[in-house]
Amino acid sequence: MDKTYVFEGKTTNEAIDNGLKELKVSKNKVDIKVLESEEKRSFFSILTPRVVKVEITLKEDVESEEKRSNVEHKEIKNQLEFNKSEVQERIQKFLDDFIKNLPQNDLNYKIDIVENDFHIDVEGEDTGYLIGYRGEVLNSLQLILTNIASKNLNCKVKVLLNIGGYREKRQKDLENLALKIAGSVIKSRKSITLEPMSAYERKIIHLKLQDNEKVQTHSIGEEPYRKIVVSLKSKYKEK
């Protein structure tokens, strides 16, 4: 459930600023509703101290998706350092053997180590069969590489696999989908539930729509069938 708090100030802006400072969040991470405006003051109340109240609701779903997608990275930083050269050798051995046994074995790959993460880019002609429907094969290969990299270690090594620039293309497609769905929700005034997505893909949708003034997003269901729901914000449902 979303977490809602009430804050006060002499003006609306002051009440909002007080809330953001206390919650230690930026404005795009919350929904704000004015409960008592400075404009709604009667003649008889002008001698009383002016108090404006606002309701601030944390966008818990966006934060939870970010935490879910970054949890492995945070766990790695808390673990002891591992021998990156040995891990890279294991990854290279697997990729060399794997590519050698493919029908098309003219693929090239590059491994970049960013802090404790291993970024692998694979390029070649006709790599679609290694990506699969909406990245299913790619994600499975990434999981295998993660298990190989983490073998006999006391931590889970994060491996990010990209084939034929698929990740960038998929991100652009998801961002366009998010805008299209938001437009449909605003027009129809009805919520729309998307098909199941990975945590990585859900995060892209959440982040793309987190600053939208009229719609909000949250996730439902359990992995691997967790879905995003896009709906109108409460203040627009009433109109």
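This is a predicted model: local features need pLDDT of at least 70, side-chain atom pairs count only at pLDDT 80 or more; totals for chains, interfaces and linings use all residues.
Student: Why are E4 and E6 described as edges?
Tutor: The sheet is open, has three strands in the order E4-E5-E6, and shows mixed pairing. E4 (108–114) and E6 (159–163) each have a single partner strand, so one side of each has no neighbour in the sheet. Neighbouring strands here are turned by 15 degrees against each other on average, direction ignored.

Student: Which helix lies across E4, E5 and E6, and at what angle to E4?
Tutor: Helix H3 (residues 84–100) does, running at about 160 degrees to E4. Axes are lines fitted to C-alpha atoms, for helices over the stretch in contact, and angles between N-to-C directions run from 0 to 180 degrees.

Student: Why are H3 and H5 called oblique to each other?
Tutor: Angles under 35 degrees count as roughly parallel, over 145 as roughly antiparallel, 65 to 115 as roughly perpendicular, and the rest as oblique. H3 and H5 pack at about 140 degrees, with their axes 8 Å apart. The pair is therefore oblique. Residues making the contact include Ile 91 and Phe 94 of H3 and Leu 141 and Leu 145 of H5.

Student: What makes a set of residues a nonpolar core?
Tutor: The members are buried Ala, Val, Leu, Ile, Met, Phe, Trp, Tyr and Cys residues joined through side-chain atoms within 4.5 Å. The largest such core has 23 residues, and those with the most contacts inside it include Ile 91, Phe 118, Leu 145 and Leu 161. H3, E5, H4 (128–131), H5 (136–150) and E6 each supply at least two residues of this core. Another core, of 15 residues, lies apart from it, with Ala 178, Ile 181, Val 185 and Ile 205 among them.

Student: How do you know that Leu 161 is in contact with Leu 138?
Tutor: Contact means heavy atoms within 4.5 Å. Leaving aside neighbours within four places in sequence, the contacts of Leu 161 include Leu 138, Ile 120, Val 122 and Arg 167.

Student: Are Gly 135 and Glu 195 buried, exposed or partly exposed; what decides it?
Tutor: Buried means under 20% relative accessible area, exposed over 50%, and partly exposed in between, with a 1.4 Å probe and protein chains only. Gly 135, in the loop between H4 and H5, has 1% relative accessibility and therefore counts as buried. Glu 195, in the loop between E7 (192–193) and H7 (199–209), has 39% and therefore counts as partly exposed. Glu 195 touches Arg 134 and Lys 227, not counting residues up to four places away in sequence. Of the 239 residues of the chain, 38% count as buried.

Student: What makes E8 and E9 a pair in the other sheet?
Tutor: Six bridges join E8 to E9 (residues 227–232), and the two run antiparallel. Ser 219 stands opposite Ile 228 in E9. The open sheet has the order E7-E9-E8 with antiparallel pairing; E7 and E8 (215–220) have a single partner strand each, so they stand at its edges.

Student: Which helices lie across strands of this sheet?
Tutor: H6 (residues 166–188) lies across E7, E8 and E9 at about 40 degrees to E9. H7 lies across E8 and E9 at about 160 degrees to E8.

Key
Residues are numbered from 1 along each chain as its sequence is written. Side-chain values use heavy atoms; hydrogens and water are left out. Two strands pair if DSSP finds at least two bridges between them. Helices (H or I, at least four residues) and strands (E, at least two) are DSSP runs, numbered from the N terminus.
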